[in-house]
There are 2 protein chains.
Amino acid sequence: MPITFARRMQHTRPSDIREILVKTSGGDYISFAGGVPDPELFPVERLSELAQKVLREHPARALQYGPTPGLLPLREKIVALMAKIGVATDSDHVQIVTGAQQGIGLSGTIFLDPGDVVIVERPTYSAAINAFDLFRPTYLDVESDDEGPDIEQVRQILHGEQPVKLAYVIPNFQNPSGRLWSAARRQAFLEAFAGTETLIVEDDPYGQLAFKGEPPQPIKASDQDERVVYLGSFSKVLCPGLRVGWIVASSEIMAQYNLAKQNHDLHTSAFDQELINAYLEEEDLSAQIERLRSSYAARCQAMLTALGNEFPAGTRFTRPEGGLFTWVELPGGINARKILALAMREKVSFIPGEGFYATQPCPSTMRLNFSAMGPEKIEQGIAILGRIVRNLLDQSNRQV
Amino acid sequence: MPITFARRMQHTRPSDIREILVKTSGGDYISFAGGVPDPELFPVERLSELAQKVLREHPARALQYGPTPGLLPLREKIVALMAKIGVATDSDHVQIVTGAQQGIGLSGTIFLDPGDVVIVERPTYSAAINAFDLFRPTYLDVESDDEGPDIEQVRQILHGEQPVKLAYVIPNFQNPSGRLWSAARRQAFLEAFAGTETLIVEDDPYGQLAFKGEPPQPIKASDQDERVVYLGSFSKVLCPGLRVGWIVASSEIMAQYNLAKQNHDLHTSAFDQELINAYLEEEDLSAQIERLRSSYAARCQAMLTALGNEFPAGTRFTRPEGGLFTWVELPGGINARKILALAMREKVSFIPGEGFYATQPCPSTMRLNFSAMGPEKIEQGIAILGRIVRNLLDQSNRQV
């Protein structure tokens, strides 16, 4: 029987990342492909004890249907977490979602009609592009340097001919680039929107993973116009398998998120919410985050050193001060897919950068994750990648 | 700042049910409003032990990102559950979702363009209407009797002027009516689609809750054309707070569900999937279902007897042989919202039937849930409702 799918399905594509992840998830792989925390650092013992506690103390609440906005005590704790990064809100303005990824999809649901203009960074998070693609927007992407996006370009787009519906940005240790916007650039970015009706969706799964000092304040902290929707997540600071994230937004916007969430899956797992709530109640999340920060900082350093040693001259890579990723731009226009094909024969993987561009993909870029394994394996894997890149560069130089 | 939401948001509405549930969820209410299992019957102890086991044996798998289609061992167990009700499939054709509700939303995502025609029953599950509304279809609803939908009407619609994209049906102990389609009607229904390109989305959360005998075979069991998408759920046989359901569909359709699911929330909670997988491995789900069946059968009987005793002559109500609900049609055109307003003053609640119609709502109908409390409370609550209905009927008769 011939089947006609909705038109929106022609505008979406499978995630490169998840396909490469599936292929290279075996224990014998050195994988720089994931965006994944190190499972060795999950607080497994405590979660096991807390699962018992939750089922002993609140069995009905943990296993029964729950409210669409999410478990109230958890939303209250999220309000406290938000206060620590300078965002004043209350539990009525928090919607629990099934990972911040769902926050992106619901943002598309409530805001985007086909053809609506969306500003994104260049590069940007590939799964956000994939999620927005279902709503068939037009993307305008903005060049960035080490401080953040090109503000002049943002202004031109915002005051151009087409109205702009929203900007989707990741100011803290961006996936894929690891880039941190400077405070001045954040300020200038937000100011550029004054007088427009353009929303900002600020995705912040990595802000807590600053290697040094306090987590950076999100743009949402300076939002006077209720223009910014903030997306947060426990995936990178606790564990992603529980799939719990949150949205912070104004009342008017929150009412639409509630509605879309209710219609989509009623609510996020009650048990997972209880478990995270109990963890926040009994444990010091900052101590857990501190463990992650120091571990990831060492791994990042190992990767940057190895990249400097093993990759050919002319290679550019970001020097992240937090998060999970560094971003490599290769010399000589080498195609990262070629590297991946060769690397997988030697059981090393990573994600080619192409999928992280909303328009005009740059094929000679790579996203490397440094959080999932120790320094020794990182060095080993980068040595293999470096050799492959040098060989390809030699070949291409000889051909020239 | 003025905000423009996507056009689709004008076509959706908050769920009556969830609003009434929130208002009447206090312990002092006799609530016939929920579609909820009795939390007293949740296997809390076992789930607590299994949570420990899962975190001991598969900590990384339970807490890390997982594959979009879902945990393979769980999908394999679902294949076995499907075989028991006559559906031959394999794990590649199973997609785990965050409750069957998400299966409905994803069906809208992959199939529905604005204006597409959707056949639904009259009445039908209100949250399915709400989920489909986001995709702005045109509904054509089909009258039903105690055996199932009017096949002649289905044929006329299918062979009418407008092409029909899909039919959404709940053949087993339907929410809200409690109706079970006869075997003959199922056969005739499926045959009516022969030669058309119309899909059937079969939602089956209640099939296992037959009070007597084997669970009825879904339409999917007779599907020769890969026309039927089947939605299943653990919410009603185990517990809804874990939010785990599944989709069974052909390869071509499944590829699109995978894509939509990936873009929407990457995957369903890994921990919840592990927990249910462990439960199915170590426990006898049929024994748990047997406990639910016998308990709900007694409660249903108590409700039917009370309705017969307490409600005025001329009241019609279904006599469910499974599931969670009975459906009441009131005499004299009494508006169920009036009854609800009065009942809430006496701490009794239920859901007025209006929200369960895709078109032309009938206001003198009520959905009553019988699964959430014991027979005594049921009798008490129905006595209060019966008195209110009789009073309203008397008033309206006097006015005439």
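1. Helices (H or I, at least four residues) and strands (E, at least two) are DSSP runs, numbered from the N terminus. Gly241(B) sits in the loop between strand 9 and strand 10 of chain B. The model is predicted, so local features need pLDDT of at least 70 and side-chain atom pairs count only at pLDDT 80 or more, while totals for chains, interfaces and linings use all residues. Residues are numbered from 1 along each chain as its sequence is written, chains are lettered from A and ligands numbered from 1 in the order in which they are written, and side-chain values use heavy atoms, with hydrogens and water left out.

2. Gly241(B) has 0% relative accessibility and counts as buried (buried means under 20% relative accessible area, exposed over 50%, partly exposed in between; 1.4 Å probe, protein chains only). Contact here means heavy atoms within 4.5 Å. Leaving aside residues up to four places away in sequence, Gly241(B) touches Ala62(A), Leu63(A), Gln64(A), Tyr65(A), His267(A), Ser269(A), Ala270(A) and Phe271(A).

3. Arg243(B) is in the loop between strand 9 (228-233) and strand 10 (245-248) of chain B. Its phi is near 55 degrees, a positive value in a residue other than glycine. Arg243(B) counts as buried, at 2% relative accessibility.

4. Glu226(A) also has phi near 55 degrees, positive in a residue other than glycine. The residue belongs to the loop between strand 8 (199-203) and strand 9 (228-233) of chain A. At 47% relative accessibility Glu226(A) counts as partly exposed.

5. Two cis peptide bonds in chain A deserve a look. One joins Arg122(A) and Pro123(A), with omega about 0 degrees; Pro123(A) lies in the loop between strand 3 (117-121) and helix 6 (126-133) of chain A. Another runs from Asn175(A) to Pro176(A), with omega near 20 degrees. Pro176(A) is in the loop between strand 7 (164-169) and helix 8 (183-192) of chain A.

6. Next, the pockets. On a 1 Å grid over the protein atoms alone, a cavity is a set of points where a 1.4 Å probe fits but cannot get out, and a pocket is an open set with protein on both sides within 12 Å along at least five of seven lines; lining residues have an atom within 4 Å of a point. Grid points are joined across faces, edges and corners, and a volume is the space filled by probe spheres set on the points.

7. The largest pocket has a volume of about 1,200 Å³. Its lining has 42 residues, and those closest to the centre are Leu21(A), Val22(A), Ser25(A), Tyr65(B) and Gly66(B). Two or more lining residues come from each of helix 1 (16-23) of chain A and helix 3 (59-63), helix 4 (72-84), helix 9 (251-265) and helix 10 (270-282) of chain B. By class, the lining has 18 nonpolar, 16 polar and eight charged residues (Ala, Val, Leu, Ile, Met, Phe, Trp, Tyr, Cys and Pro count as nonpolar, Asp, Glu, Lys and Arg as charged, and the others, Gly among them, as polar).

8. The second largest pocket holds about 1,100 Å³ of space. It is lined by 40 residues, with Tyr65(A), Leu21(B), Val22(B), Thr24(B) and Ser25(B) nearest its centre. The elements giving two or more residues to this lining are helix 3 (59-63), helix 9 (251-265) and helix 10 (270-282) of chain A, together with helix 1 (16-23) of chain B. Helix 1 of chain B gives the largest share, five residues. The lining divides into 18 nonpolar, 16 polar and six charged residues.

9. Glu274(A) lies in helix 10 of chain A and is buried, with a relative accessible area of 2%. Residues touched by Glu274(A), not counting those up to four places away in sequence, are Val54(A), His58(A), Arg61(A), Ala62(A) and Leu71(A). Glu274(A) and Leu74(A) are 200 residues apart in sequence but 7.6 Å apart in space, C-alpha to C-alpha.

10. Gln256(A), in helix 9 of chain A, is buried at a relative accessible area of 17%. With residues up to four places away in sequence not counted, Gln256(A) touches Ile110(A), Phe5(B) and Met9(B).
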